[in-house]
Every structure is written in structure tokens, then in C-alpha cells.
There are 2 protein chains.
Amino acid sequence: MRNVTSETITKAFLDYCSDDTDPRLKFVLEKLATHLHDFVRETNLTHDEWRKGLELLYAAGEISTPERNEFILFSDVLGLSSLVDMVNSPDDGTPSSVLGPFHVLGAPDVPVGADLKGDNEGTTVVVGGMVRTPDGAPIEGAELEIWQTADNGLYSNQDEAQPEYNLRAHMTTGADGRYLFSTVRPAPYTVPDDGPVGELLNNTGRHPWRPSHLHFIVTAPGYGTLVTEVFPSDDPYLDEDPVFGVREQLVMEYQKRESTDGLPDDLVAKDQLDTPYYMVDFDFVLSDNR
Amino acid sequence: MRNVTSETITKAFLDYCSDDTDPRLKFVLEKLATHLHDFVRETNLTHDEWRKGLELLYAAGEISTPERNEFILFSDVLGLSSLVDMVNSPDDGTPSSVLGPFHVLGAPDVPVGADLKGDNEGTTVVVGGMVRTPDGAPIEGAELEIWQTADNGLYSNQDEAQPEYNLRAHMTTGADGRYLFSTVRPAPYTVPDDGPVGELLNNTGRHPWRPSHLHFIVTAPGYGTLVTEVFPSDDPYLDEDPVFGVREQLVMEYQKRESTDGLPDDLVAKDQLDTPYYMVDFDFVLSDNR
């Protein structure tokens with residue numbers, strides 16, 4: 001197309017795609033090109049700004065490794081990762097939230113009621129609830145992957161002082177759908193801010209602190225996989241999460257308890273809990289529309 | 001913002017930017033976030049598609065070097081680079097076109113009329129015209145950077161068999177604004193298609209062949225810099241340039257000539273030209289609105 005103009009270039013792009021292009025790919029590319037072209041047209045983007053954007057992408061490539069993916073982080077701080085979570089979350093289940101880069105495979109199997117705290121410093125928290133259907137029926141055989149930071153804000157794979165699978169577990173529900181464990185309160189931490197994403201945050205006056213959270217992946221046969229995080233209601237960064245992971249339904253109250261009376265008998269650490277400790281009650285609702 | 005939804009996330013993103021953010025940066029980010037968010041909302045982008053997009057960016061980072069920048073290539077084949085050229089092109093001058101990755105600094109100074117062909121194989125072309133204002137006045141002291149492929153479709157910095165500055169020159173116009181040189185006809189070539197951009201082209205049935213072209217950067221005191229390319233009217237890829245660089249005004253006719261009669265006296269190779277050769281007449285119009 002030799003007479004392409006700023007108005008016709010979007011159509012020219014689409015016309016270049018062959019007729020046998022996968023229809024979904026063509027649709028996604030049409031929307032992508034339209035929005036990127038509109039972005040350039042509506043901003044009258046200068047060559048310097050275009051170069052700056054490409055420099056940020058190049059720098060992201062240079063700093064990225066399989067363990068530290070700056071492109072995902074860009075997606076996170078632009079709200080794209082969370083938006084993808086949202087548009088794929090069924091209305092009748094627990095909302096999903098960002099997976100993040102700290103999940104590892106191979107966490108040890110533990111029984112319902114296990115203690116993850118062990119020798120970890122910090123405030124004790126007892127977390128429990130039910131994995132259930134939207135109608136409230138317990139889901140037997142649901143599997144939970146659980147991971148979180150230690151009290152210093154670091155995950156075990158970021159911190160050589162922690163055992164390999166510290167504060168990571170894999171648990172399977174019984175017939176009553178219950179899950180339960182004692183652990184240490186997770187700590188806020190910053191997203192990596194020494195690369196181009198940090199530059200963007202800095203230039204827009206945004207801080208890199210994520211509110212503390214527990215990560216979960218919950219799966220059960222016949223249900224879609226739920227990847228989510230849950231947050232304490234008193235976290236200072238709850239209303240300014242740089243990666244937009246917080247949802248009202250994922251905020252849970254840390255209830256202060258002075259006594260271990262009334263704790264379930266299958267809580268392994270029941271008789272060794274320091275007081276006061278905190279109690280968290282949170283159900284995971286799995287949708288079969290996921 | 002803990003009650004962020006797929007509808008409010010764009011506003012949440014903007015609210016996170018501090019009040020003292022540079023206004024232009026905030027405007028550009030507002031448009032970028034709005035369009036990327038709309039893209040996700042309108043496509044209901046799946047997690048798999050999101051992952052695929054991020055994998056392409058990661059792969060672009062891995063294959064990129066200062067000499068081969070896959071992000072620029074993505075921008076090129078999506079039409080973004082050309083669109084940025086277009087929205088920044090003044091209406092009263094020669095249109096700009098993509099710079100491309102093959103420009104190098106330090107090309108030798110040559111006089112008007114110089115021969116760039118030397119020992120290069122291929123069809124001889126004599127290229128000349130005027131650097132002028134929109135009103136037709138010649139511009140004295142305009143500087144032209146000229147670079148092109150050899151007959152094999154490779155630039156000197158891609159081909160060890162070529163001398164370092166083969167088919168590259170720097171020329172300055174005199175009082176009459178004229179430029180003139182003899183050279184070899186450039187050849188079509190493919191954009192690099194062994195990386196993620198090649199995968200995109202392949203999946204959409206697009207070929208990687210650029211029409212042949214001569215590159216120019218034309219500068220003059222008091223005028224904006226013109227970065228452009230000019231294309232022969234008989235090139236087979238003229239209507240399907242993968243990087244959208246062709247403009248009607250940048251297509252020039254290669255006029256076949258059987259005799260050297262009438263060629264300007266200052267054409268250094270005038271008496272050694274093989275016949276037939278081709279003649280190209282093209283004026284560069286510099287705008288002071290650039």
C-alpha cells in the first residue's frame with residue numbers, strides 16, 4: 001500500500017494479514033493495532049517519546065531473567081495483569097489476583113491443620129476456612145498451594161537464610177472441604193524498582209510497596225483453577241497496591257485472640273501457639289464457569 | 001484502591017500518579033493505559049494470550065542487541081514507527097520514512113557529483129535533484145547522509161565482503177541546492193525474520209520483503225531534520241512493505257537511458273558509465289515547520 005496515511009494505516013495493517021490467519025489472532029491483532037495506532041494519533045507521539053518507550057522495552061529485556069521478568073512487571077504496574085484476571089474471573093467465585101513471580105513447584109504435602117510457622121520469627125496467624133461451591137457445598141479433594149513471605153518480606157527463593165520450602169505448602173481438603181494452617185503474618189515488600197519499571201514508578205510519584213498477602217492456587221476436579229491472594233484489612237498499602245491486586249472480597253480481617261480456646265482439634269500447633277495470635281477465616285469459592 | 005474493578009482500573013491507574021507528575025508524561029500514560037485497558041476489555045484477553053504476548057516480548061529481549069533491536073522491529077511491522085513518522089511530518093515538506101537500523105556515523109564526505117558505485121556489481125543509477133524550500137528556493141549548505149544496500153541486498157555493516165563505508169556518503173549542497181551521485185541500484189531485502197517478529201509475520205501470512213530503497217537524512221540550518229527513504233516505482237514489494245515505509249511522494253521513476261549525453265559536467269563518473277543506466281530525479285523539500 002503506497003498511499004498509506006495516518007488514517008489508513010490501521011486498515012493497511014489488517015489488509016496485510018492473509019485470509020487464512022487464525023480468526024482469533026486476527027481479531028486480537030486488529031484490536032491491538034487499532035488501540036496502539038489511536039494512542040499514537042491521539043498523543044501526536046514525538047520521535048523522542050517513541051524512542052524513550054523503546055528504550056524502556058530494551059532495558060526491560062536487558063534486566064530480565066527467567067526469575068525476574070520485567071515485562072510481567074510492566075504489565076503489573078500498568079494494571080494489565082490484574083485486568084486480565086478480572087475479565088477472566090467468573091462472577092460467582094472468589095476473584096482471582098496476580099500470580100506473581102515467587103511461586104515454585106514442589107512444596108511439601110502437609111495435612112489440614114499443619115503448622116507452617118515452625119521456627120519463623122513474627123506474629124502467629126491461624127488461617128482457615130472452606131473450599132466450597134457457590135451454593136455453599138464443601139469441595140472434597142480440593143488442593144491448595146500456599147506461599148508467602150517471611151517476616152522480613154522475602155520469599156524463601158529470595159533469601160538464602162530460609163529453608164528451601166519455608167512457608168510453602170500443598171494441602172488437600174477432606175470431605176468437609178476445610179483447610180487450616182498456622183503460620184507467620186506475611187510482610188509488605190517492594191516490587192523490584194531498580195529497572196525501567198522503577199523509573200516509571202519514580203517518574204509518576206508511585207511507591208513500589210505491595211500490601212502483605214498470602215498466595216493461593218486452589219484447584220479441584222471439575223472446577224477452574226483459582227489463582228489468588230488474600231490481604232489483611234489493616235495493611236497500610238491496601239489502597240495503593242502498585243500492581244492492582246487488591247479486591248474488596250480478598251481483604252480479610254485479622255482477628256486478635258488471647259486464648260487458644262475453641263481452636264479446632266486438628267490444628268497441629270494448637271497447644272504451642274504464642275498469645276496473642278491472629279485468626280483469619282476465609283472461604284474459597286470455586287466456580288465451574290471458570 | 002481496594003474496590004478496583006475492570007471498569008474503574010483505568011481511573012485507579014491515573015489516580016496513582018502523583019499531582020506533580022510531568023503533565024505530558026501523565027497525558028501520554030493516560031492514553032496508553034486507556035488504550036491497553038480497552039484492548040484487554042474488548043478482547044476479553046485470556047491468560048494464555050496474555051502469557052503469549054509476554055513471551056514474545058521476553059523473546060524480543062533475548063534476541064535483541066544494540067545492532068539488532070527486535071522491539072523497533074515490532075514497532076515497524078505493527079505500523080507504529082511509520083505512524084510516528086506520519087504524525088510528525090509537516091504537510092509542506094517531503095514525507096519522512098523509517099530510519100531503519102543500518103545507519104552508521106562517519107560516512108566519508110564526498111563532493112556533489114561523486115561516484116558511490118566504484119567496484120560494486122549491479123545496475124548503475126544516477127540520482128540527483130535539489131534540496132529546496134516548499135517555495136522552490138534552493139537550500140545552500142544542506143547536508144545529505146546517503147546509505148543503501150549493495151546489489152546483494154546487504155548493507156556494508158552486514159557484509160564483511162564490503163568495505164566499511166561502501167555505498168555510504170555525506171554530501172553538502174552548494175548555492176544551487178543541487179545534489180548528485182552515481183551508484184548501484186539497491187536491492188530488496190527481508191527484515192530479520194528469525195525471531196518473534198518473524199513468528200508474527202509467519203502466523204499472519206505476511207512476507208518479510210522490503211522494497212528496495214535509498215536512505216537519506218537531510219539537514220539544513222533553520223530547517224527540521226528529514227529522515228526518509230525513496231523507492232523505485234517498479235519494485236515488486238512496493239504495495240506490501242512490511243514496515244509501512246512507502247509513501248506515494250517517495251516513489252520515484254527509474255528512467256532508462258542509453259546515452260550519457262546531457263548528464264551534468266560535475267558527475268564524476270560521467271564518462272565511465274555503462275549503458276544503459278537509470279536516471280532518478282528527486283527533490284527534497286525541507287519544511288521550517290518540522
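B:Asn44 sits in the loop between H2 and H3 of chain B, where helices (H or I, at least four residues) and strands (E, at least two) are DSSP runs, numbered from the N terminus. Its phi is near 45 degrees, a positive value in a residue other than glycine. Most residues other than glycine have a negative phi, and most peptide bonds are trans. With 11 C-beta neighbours inside 10 Å, B:Asn44 counts as exposed. For that label, C-beta atoms are placed from the backbone and those within 10 Å of a residue's own are counted: 20 or more others is buried, 12 or fewer is exposed, and in between is partly exposed.

A quick word on what you're looking at: this is a predicted model, in which local features need pLDDT of at least 70, side-chain atom pairs count only at pLDDT 80 or more, and totals for chains, interfaces and linings use all residues. Residues are numbered from 1 along each chain as its sequence is written, while chains are lettered from A and ligands numbered from 1 in the order in which they are written.

Chain A has its own positive phi at A:Leu167, near 60 degrees and again in a residue other than glycine. A:Leu167 belongs to the loop between E4 and E5 of chain A. Is A:Leu167 buried or exposed? A:Leu167 is buried, with 23 other C-beta atoms within 10 Å.

Then there are the cis peptide bonds. In chain A, the bond from A:Thr275 to A:Pro276 is cis, with omega near -5 degrees, and A:Pro276 lies in the loop between strand E12 (255-257) and strand E13 (277-281) of chain A. In chain B, B:Thr275 and B:Pro276 are joined by a cis bond with omega about -5 degrees.

Now the chain as a whole. Chain A holds six helices and 14 strands, and its C-alpha atoms fill a box of roughly 80 × 40 × 30 Å along the principal axes. Of the 290 residues in chain A, 40% are buried. Residues 24 or more positions apart make up 70% of the chain A contacts with a separation of 6 or more; a contact here is two C-beta atoms, placed from the backbone, within 7 Å.

Chain A has an open sheet of six strands in the order E1-E5-E4-E9-E10-E11, with mixed pairing. Strands pair if DSSP finds at least two bridges between them. The edge strands of this sheet are E1 (109-110) and E11 (251-252) of chain A, each pairing on one side only. Some of the pairings look like this:

| Strand pair | Sense | Bridges | Partners |
|---|---|---|---|
| E4(A) (143-147), E5(A) (168-172) | antiparallel | five | A:Leu144 and A:Met171 |
| E4(A), E9(A) (214-219) | antiparallel | five | A:Glu145 and A:Ile217 |

What about the core? A nonpolar core is a set of buried Ala, Val, Leu, Ile, Met, Phe, Trp, Tyr and Cys residues joined through C-beta atoms within 7 Å. The largest one has 93 residues, and those with the most contacts inside it are A:Val131, A:Ile146, A:Phe181, A:Val218 and A:Leu286. Apart from it lies another core of 35 residues, including B:Tyr179 and B:Leu263. Neighbours within four places in sequence aside, A:Ile146 touches A:Arg168, A:Ala169, A:Met171, A:Phe181, A:Leu214 and A:Phe216.

Between the chains, 66 residues of chain B are in contact with 67 residues of chain A. H2(B) gives the largest share of chain B's side, 16 residues. That side divides into 34 nonpolar, 21 polar and eleven charged residues, with Ala, Val, Leu, Ile, Met, Phe, Trp, Tyr, Cys and Pro counted as nonpolar, Asp, Glu, Lys and Arg as charged, and the others, Gly among them, as polar. Since 100% of the interface residues of chain B are also interface residues in chain A, the copies meet through the same surface.
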